[in-house]
Amino acid sequence: EDDRRQHHPEAELIPKEMASDEAADDERDAMKDEAPAEEPPQEEDKKDDDKPEDDEPAEASEKNNGNDNGAAMEDDDDEEAEEKDEEDRARKRYRDDEDEDADRNPRRTGSKEEEAPMEDDKDDDEAPRRSYEDARERVTRVMAVDNDDAAFVLGRGGTTKRKIARVSGAEIELDEKALEITITGTRRQCDLAEDYVTFVKQQRVGPVTVDLDAKPRDDFTAYTVPTDCIGFVMGRNGQTLRSMEEEWGVLMFFAKTKTPGGRSGDVNDGTESLCIFGPLAARRGAEIKVMSAVEHKHPGFCVSSRNELRELERVPGDDDVDGWGTDTVPLSEDNYSYALGAKGSTRRKLAAASGCIIEYVGRLACFAGYKKDRRRGKDYLRWLLEQRVGQSIVEHPRDRDDCSVVKVPTASIAFITGHRGESLRDVERETQTFCFTDGDRADRSRDSENLLIFSYSRDNRDRAADLIEDRIREHKRLGGPRGSGGGRSMGGGRDDSRYGGGGRYGRDDDDRYDRRRRDSYDDDRRESGRRRRRDDDDDDDDDDDW
């Protein structure tokens with residue numbers, strides 16, 4: 001203890017930042033010498049305890065002989081504990097000083113050979129982060145164009161410019177005075193936008209050629225179209241092709257493709273390549289839409305005699321990934337008309353609710369998407385076709401993750417569905433869901449029926465359930481139907497069997513409500529017929545049928 005205090009009497013008072021390396025070394029040497037130096041004082045204390053009369057008066061010795069002996073041992077223990085704490089604090093100060101020096105100057109703590117792998121490890125850890133940051137880093141590029149190209153890239157009302165921006169994901173601004181196109185986005189988005197602008201500029205002066213020799217593209221699909229179907233796929237002034245682009249969010253045009261070792265589409269061999277640019281799902285949807293048009297105009301080109309889709313030849317880079325695929329279900333003539341609906345409304349409804357791409361190529365229902373989406377789309381189509389001839393049965397609907405169940409009073413079923421099911425179809429269109437009841441039309445004794453709401457989106461199902469519950473409350477506020485019964489007539493037919501239920505409900509307030517809806521429906525139908533007749537005068541029969 002004395003030696004330690006002699007060497008470092010102000011050890012507790014020296015600030016850490018002022019302690020020198022030499023003082024730290026002396027302190028560390030002193031701590032090493034303290035362990036053996038502690039033993040002799042303990043032996044001397046024991047000798048002094050045995051002979052207290054040598055140093056102290058007899059009275060003090062006799063008085064403290066019994067008590068001071070234990071107190072001295074306790075004091076020694078306390079001193080040892082304090083010494084140990086001080087040693088720990090000294091060691092900690094020494095380590096802190098070294099760590100602080102290492103932070104200020106890392107080279108002092110190790111040799112160059114030791115530092116090299118540390119920096120390599122750091123680079124290896126930060127490489128994925130840098131690559132991700134580089135991929136997300138936004139850049140700005142400027143393309144110079146002439147006056148004619150600027151007008152062509154802009155399009156009517158800016159439609160072409162917006163289309164390129166939507167497909168590439170980049171922000172595109174066109175300065176018509178400076179004749180410059182400013183592209184802002186990630187590096188990949190800017191690369192895609194520059195390619196698409198170049199393709200659009202080529203369309204103005206001649207045929208477009210897509211060269212795949214240098215690098216396969218993962219945003220490109222080429223579909224071979226027969227020459228006799230090109231005009232049908234294009235439509236008048238390209239309107240049909242533009243509508244497909246708008247529906248699927250892709251860029252489409254006819255061009256020649258050069259592939260490594262493959263043959264390019266050329267009008268000389270009776271076909272021409274339709275180029276489709278965009279994400280995988282959008283490209284597949286547009287491709288099946290084109291196949292539907294080609295099969296309608298040229299039967300047997302897409303569907304074989306065994307009622308199967310013909311295998312397509314893909315360009316390099318155009319691969320299905322992550323379980324993406326296409327399933328088919330054959331349809332009879334009656335089922336095809338029922339599953340298509342007016343102007344394809346039923347098909348679009350099933351596709352929106354299931355989250356699956358659904359198109360009819362000939363009499364073949366095609367389901368494109370991931371496995372879960374394809375299974376969901378096929379289930380919805382099967383239930384729809386079952387309702388054409390009877391009541392569809394869904395096993396354990398509450399166990400499905402795409403179904404919500406709403407209890408509807410039997411007396412309010414007719415009010416919910418409306419005249420010929422029009423009210424429920426409005427709910428389906430507004431919320432992108434697929435709805436029907438699971439009630440047995442022969443069983444009229446139940447107080448309520450389950451309305452099943454199907455959709456891959458939970459938000460869509462919740463919105464549909466809220467609308468149904470609002471209509472139930474509205475029906476109760478109106479007083480409900482007077483008299484027994486509920487549901488629709490038992491006469492069958494597509495719309496009656498479509499939603500289940502039974503009996504006739506048209507009385508009093510429900511009759512007035514349906515009569516107003518029926519008058520409005522008839523007016524809309526007459527106006528639609530007049531518009532359709534005007535369209536018939538403009539288009540040929542094939543275009544109208546497709």
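**Pocket, rings and helices**

Guide: The second largest pocket holds about 810 Å³ of space. This is a predicted model, so local features need pLDDT of at least 70 and side-chain atom pairs pLDDT 80 or more, while totals for chains, interfaces and linings use all residues. Residues are numbered from 1 along each chain as its sequence is written, and side-chain values use heavy atoms, with hydrogens and water left out.

Visitor: What makes something a pocket and not a cavity?

Guide: On a 1 Å grid over the protein atoms alone, a cavity is a set of points where a 1.4 Å probe fits but cannot get out, whereas a pocket is an open set with protein on both sides within 12 Å along at least five of seven lines. Grid points are joined across faces, edges and corners, and the volume is the space filled by probe spheres set on the points.

Visitor: How many residues line the second largest pocket, and which lie nearest its centre?

Guide: There are 29, and Thr160, Lys163, Gln203, Arg242 and Glu245 lie nearest the centre. To count as lining, a residue has an atom within 4 Å of a point. Strand E6 (251-258) is among the elements giving at least two lining residues, along with helices H7 (147-154), H8 (159-168), H9 and H11 (239-248). E6 has the largest share, six residues. Helices (H or I, at least four residues) and strands (E, at least two) are DSSP runs numbered from the N terminus.

Visitor: How does that lining divide into nonpolar, polar and charged?

Guide: It's 13 nonpolar, six polar and 10 charged. Ala, Val, Leu, Ile, Met, Phe, Trp, Tyr, Cys and Pro count as nonpolar, Asp, Glu, Lys and Arg as charged, and the others, Gly among them, as polar.

Visitor: What kind of aromatic pair do Tyr380 and Phe434 form, and how do you know?

Guide: By this rule, rings of Phe, Tyr and Trp (its six-membered ring) pair if their centres lie within 6.5 Å; planes under 30 degrees apart count as stacked, over 60 as edge-to-face and the rest as tilted. That gives 14 aromatic pairs. Tyr380 and Phe434 are 5.7 Å centre to centre with 45° between the planes, a tilted pair. Tyr380 in helix H15 (residues 371-389) and Phe434 in strand E12 (residues 434-437) are 54 residues apart, so the pair links distant parts of the chain. Tyr380 is at 0% relative accessibility and therefore buried, and Phe434, with 0% too, is likewise buried.

Visitor: How do you know that Arg363 lies over the face of Tyr336?

Guide: A charge sits over a ring if NZ of Lys or CZ of Arg is within 6 Å of the ring centre and within 35 degrees of the ring normal. Arg363 is at 3.9 Å from the ring centre of Tyr336. Lys297 sits over the ring of Phe232, its charged end 5.7 Å from the centre.

Key
Buried means under 20% relative accessible area, exposed over 50%, partly exposed in between (1.4 Å probe, protein chains only).
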